[in-house]
Amino acid sequence: MTDTAPQRQPLYLLADSQLLFWKQRNRLLLEAAVERLPRANPLSAAYIGASNGDRLEFYEIFEAAMDAIGITDRRMIHSSFGPDDRTFLASAQLIVLAGGDVRLGWNRFEETGMKDVILGRYQEGALLVGVSAGAVQLGRYGVVETPQPCAPELFGVFDLVPMVIDAHDEGGDWALLSRTIESLQGAASGLGIPSGGGVVVHPDTAIEPLRRPAHQIRFQSGRIARSLLPADGPSRISGDGWPRQ
C-alpha cells in the first residue's frame, strides 16, 4: 500500500477582515475554500491572536466569519499556547493568523513552538489564512522601519510565499515595501495587498488577486519597477525565489 502525501492548500492573504465576509460568484470566499479540505466531522478552525495580544474583539470577528460558513468547532489559540491550545491547533483544518504587530506575533510563534505546529499543519493539508500582519508572516520577511536613509531591518518569517508582503499601505504608495525591495537588490520581489483586497497563492505559484488589484514591486536594472496584478484571474510570477517542482 502506497501512502499519499497530503495535498497542500492555497494560501489566503487578506489585507484586513473584509474578505472574511466577501462573496465571490455569490459564495463566501472561505465557504468555497473549505470545500477543498478533506472532510472531517466537524471541521475545526483555530484563530491565532498572538499578533494583537489576543484581543477579544478581533476573535469575535473571526467567530462571526465561522458562523457564516457553519464551522462551530473553533477556538482562540492564546499567546501562552498551553497544552489544550496545542492539542486543538495540532488537528485544526483551518488556521487564521490574525492582524496586529508582525514582530510581536512572530516572537510568540517562535518562543512557544507555535511556529512548528502551524508549519506542520500546513504540510499536512490545513488551510492557512493570514489577515494583515498574518499575511505578512506568510511571506519571506517581516520589516521594521528604520530612519532614512538606512535600509529597513528584516527578520525571517514563514517564507511559504517567497516574496515580501505588505498590506493596506496604498495611501503611503508602498514606500516601505519599495525601500525593502530596493535594499534586497533583486533577492526577492514585493507584493502589496490594498485595503479590502487579498490574494490567493496557489500551490503551483499562481497568484490570484481578490476584489482589488495587487501591487507587484521588483528590483530590476538597478531600479524599482512596479506593476498591477489584475483582480480578474491568476497571475503567474516567475523567478524571485519561487520553488521549482
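What percentage of the 245 residues in the protein chain is buried? Buried residues make up 52% of them, where buried means under 20% relative accessible area, exposed over 50% and partly exposed in between (1.4 Å probe, protein chains only). A word on the source: this is a predicted model, where local features need pLDDT of at least 70, side-chain atom pairs count only at pLDDT 80 or more, and totals for chains, interfaces and linings use all residues. Residues are numbered from 1 along each chain as its sequence is written, and side-chain values use heavy atoms, with hydrogens and water left out.

Start with the whole chain as a cartoon. You'll be looking at seven helices and 16 strands, which are DSSP runs numbered from the N terminus (helices: H or I, at least four residues; strands: E, at least two). Along the principal axes, the C-alpha atoms fill a box of roughly 55 × 40 × 35 Å.

Next, select alanine 98. You'll find alanine 98 in the loop between strand 6 (94-97) and helix 4 (102-112). Alanine 98 is buried, at a relative accessible area of 4%.

Now bring up what surrounds alanine 98. Setting aside neighbours within four places in sequence, alanine 98 is in contact (heavy atoms within 4.5 Å) with Tyr47, Ile48, Gly49, Ser51, Asn52, Val131, Ala133 and Gly134.

For a last stop, draw a C-alpha distance from alanine 98 to asparagine 52: the separation is 7.3 Å, though the two are 46 residues apart along the chain.
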